[in-house]
Amino acid sequence: MIRLQHIFKTYKQGALEVPVLHDINIEIEDGEFVSIMGPSGSGKSTLMNIIGCLDRPTEGEYILDDTNVLQADETKLALIRNQSIGFVFQQFHLLPRLTATANVELPLIYAGVNRKERHERALEALAKVGLADRVDHLPNQLSGGQKQRVAIARAIANNPVFILADEPTGALDTKSGEQVMEIFTQLNNEGTTIIMVTHEDEVAAYSKRRISLRDGQILQDERGDTGEFSRQY
């Protein structure tokens, strides 16, 4: 479970203080599929960075399962990012000289998984996203949609507590975006918790809960079964 309580974030620009998040309170249960939405400047990227342990709030409390994240030192935070969170970014962030399998193995190397097991887990993750026939391909031999599927395989290989996806279809064409969202839907149906940042209604339509931000505050938090929201693909 993820619990954010009274989260505030203020950045300092010289003598000027710029408030970005104002009293954010969110609880996300295991197995949820949540989209975080909002226009540019709404605070959604800052909130994503806090949830992903990439940034700390100015005030508030963040509990991930039984861990008070904000009391963790940098070593503990790195461990949380590696073992508890699977990251999927808009621009894939694959290493160009490594095969799909080797890219997926990277977080497993950092987690200390032995060579045989991490290779097996990487192949299993790639098969799960429909890339069993692309395991030895380099990123420049893959389409944009296939690159994002490698990134998803990398995110799930370490069996994280949740997947944090930042605009996962933003660099993809409509068909590839739909394929990626269907993979997220299947993973969620199997019990994976997914938190997705997006500004697109048609992408958020795949989620079961939408949290809308504006000016650093929660404007709306609505729940519904998949398909209840209008889907435009």
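User: Is Glu 29 buried, partly exposed or exposed in this predicted model?

Analyst: The model is predicted, so local features need pLDDT of at least 70 and side-chain atom pairs count only at pLDDT 80 or more, while totals for chains, interfaces and linings use all residues. Residues are numbered from 1 along each chain as its sequence is written, and side-chain values use heavy atoms, with hydrogens and water left out. Buried means under 20% relative accessible area, exposed over 50% and partly exposed in between (1.4 Å probe, protein chains only). Because its relative accessible area is 41%, Glu 29 is partly exposed.

User: Where does Glu 29 lie?

Analyst: Strands are DSSP runs of E with at least two residues and helices are runs of H or I with at least four, both numbered from the N terminus. Glu 29 lies in the loop between strand 2 (16-28) and strand 3 (33-37).

User: Which helices do the buried residues of helix 3 pack against?

Analyst: Eight of the eleven residues of helix 3 are buried, so this helix is largely enclosed by the rest of the structure. One of the buried residues is Thr 101, which has a relative accessible area of 4%. Taking contact as heavy atoms within 4.5 Å, the buried residues of helix 3 pack against helix 2 (74-84), helix 4 (115-128) and helix 5 (144-156).

User: Which residues does Thr 101 touch, not counting residues up to four places away in sequence?

Analyst: Thr 101 has its place in helix 3 (residues 100-110) and is buried. Leaving out residues up to four places away in sequence, Thr 101 touches His 119, Ala 122, Leu 123, Leu 126 and Val 135.
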